[in-house]
Amino acid sequence: MTSTVARVGITAAASALPDREVTTADLQQRVAAASGLPLPAGMFVQATGIARRRIAADDEYASDLAVRAARRVLERAGCDALDVDLLLFASASRDMVEPATAHVVQAALGSRAHALDVTNACNSFLNGIDLARSMILAGRAQRALVVTGETPTRAMRPTLDGMAQARSALAGYTFGDAGAAVLVEPVAAGGILDVDSETHSEHWAVGGIFGGGSRHPRGDEHTYFTGDGHKLRTVFEKIGPGLLERVAYRTGLGWDDYAKVLVHQVTVPYLRRFAEVAGVPAEKLEVTVPELGNMASASLGVQLARVRDRLRPGDRVLLVGLGGGVSLMTMVWEVS
């Protein structure tokens with residue numbers, strides 16, 4: 001099938017947050033009490049810069065957050081779920097190993113689209129948008145709904161057996177839960193102008209949630225996030241600038257040409273370091289991490305939903321994704 005589509009863009013965006021808010025101070029206090037471990041006062045806040053985050057209720061799942069965001073984005077676009085012919089659940093979280101969580105979302109929405117999951121750690125949502133664009137350009141779809149529902153707080157260790165484990169588990173205490181959704185379809189002007197990615201899979205073991213697959217199919221130990229946040233940061237700092245330089249060279253766009261620069265946010269110190277290394281002006285960023293934490297792949301989706309109404313046709317946005325594995329990704333989008 002040959003496609004005659006020339007441009008594909010993001011035509012609507014929405015997000016969904018759980019109602020329950022937990023402060024980082026309260027989180028540390030609970031972990032310390034359950035562990036019988038005298039953690040230094042303010043340790044989690046000082047290390048992450050995160051004051052609070054949203055946490056899904058016990059009976060609230062990744063699909064629920066995705067469905068809430070999807071319904072909002074369809075309403076904003078004036079679309080029915082049956083108007084969608086491709087549904088991608090693009091998330092690091094999922095409801096279960098099998099079937100794909102996309103089917104849970106689709107059943108709730110009443111859609112009949114081709115549905116599947118896209119998973120690549122914190123780059124899942126950006127990968128999903130790119131895959132949707134590619135499918136439309138190939139003539140395989142006309143309107144795609146890309147959703148994410150992230151519940152990484154379920155991977156936070158409730159107890160610690162000592163300070164060594166506290167250090168390896170600290171990255172998990174950055175997490176917050178959220179959902180996001182976008183519609184991707186042909187546009188007359190603007191659209192997604194450029195996509196680039198870089199993958200360094202030799203670092204896959206630096207951090208992750210290693211349970212649930214064939215390596216560790218059962219048991220709680222591997223269902224908690226474990227990783228070396230310092231090593232991950234070092235890897236991203238080493239390979240990230242080269243990717244951004246390629247984008248600037250290829251597109252001819254500098255920081256002044258972007259209305260917003262949206263970047264995956266892990267901690268406040270990491271975001272500040274990104275701005276310093278990349279040279280991006282602070283006012284171009286949409287900062288969410290102090291109040292919402294590290295929302296995994298939903299981080300970019302929540303930021304996009306927040307800035308969408310402030311953007312005007314012709315405004316350009318640079319999205320920068322960072323994901324365990326490790327992978328980096330950039331996308332340049334111009335508002336239609």
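What volume does the second largest pocket have? About 280 Å³. The model is predicted: local features need pLDDT of at least 70, side-chain atom pairs count only at pLDDT 80 or more, and totals for chains, interfaces and linings use all residues. Residues are numbered from 1 along each chain as its sequence is written, and side-chain values use heavy atoms, with hydrogens and water left out.

**Stop 1: the pocket**

Select Arg30, Ile55, Thr153, Arg154 and Met156. Of the 13 lining residues, these are the closest to the centre of the second largest pocket. A pocket here is an open set of points on a 1 Å grid over the protein atoms alone, where a 1.4 Å probe fits, with protein on both sides within 12 Å along at least five of seven lines; lining residues have an atom within 4 Å of a point. Volume is the space filled by probe spheres set on the points, which are joined across faces, edges and corners. Colour the lining by class: seven residues are nonpolar, one is polar and five are charged. Charged means Asp, Glu, Lys and Arg; nonpolar means Ala, Val, Leu, Ile, Met, Phe, Trp, Tyr, Cys and Pro; the others, Gly among them, are polar.

**Stop 2**

Now turn to salt bridges (a side-chain nitrogen of Lys or Arg within 4 Å of a carboxyl oxygen of Asp or Glu). The structure holds 15. Select Asp130 and Arg133, which meet at 3.7 Å, N to O. Both sit in helix 5 (residues 124–137), three residues apart, about one turn of the helix. Helices (H or I, at least four residues) and strands (E, at least two) are DSSP runs, numbered from the N terminus. Asp130 is buried at 18% relative accessible area. Buried means under 20%, exposed over 50%, and partly exposed in between (1.4 Å probe, protein chains only).

**Stop 3: helix 7 to strand 8**

Select Arg246 and Asp196. Their salt bridge is 3.2 Å, N to O. Arg246 lies in helix 7 (residues 229–251) and Asp196 in strand 8 (residues 191–199), so the pair ties together parts 50 residues apart in sequence. Arg246 is partly exposed, at 34%; Asp196 is buried, at 12%.

**Stop 4: a buried pair**

Finish with Lys260 and Glu286. Their closest N and O atoms are 3.4 Å apart in a salt bridge. Lys260 is in strand 11 (residues 260–263), while Glu286 is in the loop between helix 8 (268–278) and helix 9 (289–292), 26 residues apart. Lys260 is buried at 13%, and Glu286 is buried at 10%.
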